[in-house]
Amino acid sequence: MTTILGIETSCDETAVAIVNNQTICSSVVASQIDLHKRYGGVVPEEASRQHLLTINPCIEEALTTANLTWNDIDGIAATVAPGLIGALMVGETAAKTLAMIHQKPFLGIHHLEGHIYATYLSEPNWKPPFLCLLVSGGHTSLIHVKDCGIYEQLGTTRDDAAGEAFDKVARLLNLGYPGGPIIDKLAHQGNPKRFALPEGKVSLPQGGYHPYDSSFSGLKTAVLRLVEKLKQENNEPLPIADLAASFQETVARSLTKKTITCALDYNISHIAVGGGVAANSGLRKQLQEAATKHNLTVHFPPLKLCTDNAAMIACAAGEHLKKGHISSWNLGVQSRLPITEVMTLY
């Protein structure tokens, strides 16, 4: 039994959690949405300052809620890559300091690996190998999970990530921030078939298209052109619900096609979905239906584990610690680090 205190500060949530052998003892998340809403996106300097203000109260609350002391903690982990440098430094510094004071192992965790391990928290018997569709504000990836720390990236995004596209389209339609939940809510009220929008395709030098890579920049531009056209042709208010539904339908269809194709091509029968966009109802519906049709198993974590949280970081750290992986005190933070280079953190 391994008990880990994990810290996640890669972007705009200050999160601290304690996980014991894939069981969540406590999970605290201090969101910064209200702070960044006025800007329509995350301001890195503001995010870092807010992490400084909230990190200590979050740590204290996590211990109190779990009813544990530092003597009960086996290791301390923090997200060290990828993410906003200033924000990452707050979490890593706090984790290293606590690890030194309490003489515990320190583990630096890859943020995307954390999203992979969110599945383990809700499905304790889940085991590699499996395919992970990771869709968030900064990442859209198809990852072949072979074992703890052993990953092969089969697909990625060439421009905007799925979550980023949701935020940009929401801003285009004056819906506010963050865009994903707002568009998802409106999509339930609209007609997803009203507007035909293009699925992003990535051309190959030898001809044809990459079967697993995604592109959402063209889709975003298509929505912009459609909105401009509707404004010129009509004096009526924009059909916001239909636009939201059509956009969400296109994103979900594109992700579903690529994920199912990849799973079948690589003969992978189990699919896990992680990241903030994993909470999207359109994606959940389409991917579940397609997986069932092809006799594949797909698992979506509970909504609270889709967005950034520290429980997933602690869970990943627990698996690494069991394998004897411990990070150096000299480990720094990185704004970018491929998922395939996870083991360089130990």
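A network of salt bridges links Lys193, Glu199, Glu249, Arg253 and Lys257 in this predicted model. A search of the whole structure finds 16 salt bridges. The points below describe several of these pairs and then turn to strand 5.

- Glu249 is buried, at 18% relative accessible area, whereas Lys193 is exposed, at 64%.
- Arg194 forms a salt bridge with Asp242, with 2.7 Å between the closest N and O atoms.
- Because Arg194 lies in the loop between helix 6 and helix 7 and Asp242 in helix 8, the pair ties together parts that are 48 residues apart in sequence.
- Arg194 is partly exposed, at 44% relative accessibility, and Asp242 is buried, at 14%.

- Lys285 and Glu289 form a salt bridge whose closest N and O atoms are 3.0 Å apart.
- Both residues lie in helix 9 (residues 281-293), four residues apart, or about one turn of the helix.
- Lys285 is exposed, at 53% relative accessible area, and Glu289 is partly exposed, at 47%.

- Five of the five residues of strand 5 (residues 106-110) are buried.
- Phe106, Gly108 and His110 point one way from the strand, and Leu107 and Ile109 point the other way.
- Strand 5 pairs with strand 4 (residues 75-81) in the parallel sense over five bridges, and Ile76 stands opposite Phe106.
- Strand 4, helix 3 (residues 85-101) and strand 5 form a right-handed β-α-β unit.

How values were computed
Residues are numbered from 1 along each chain as its sequence is written. This is a predicted model: local features need pLDDT of at least 70, side-chain atom pairs count only at pLDDT 80 or more; totals for chains, interfaces and linings use all residues. Side-chain values use heavy atoms; hydrogens and water are left out. Buried means under 20% relative accessible area, exposed over 50%, partly exposed in between (1.4 Å probe, protein chains only). Helices (H or I, at least four residues) and strands (E, at least two) are DSSP runs, numbered from the N terminus. Two strands pair if DSSP finds at least two bridges between them. A crossover is right-handed if, with the strands pointing away from the viewer, the path from the first strand over the helix to the second runs clockwise. A salt bridge is a side-chain nitrogen of Lys or Arg within 4 Å of a carboxyl oxygen of Asp or Glu.
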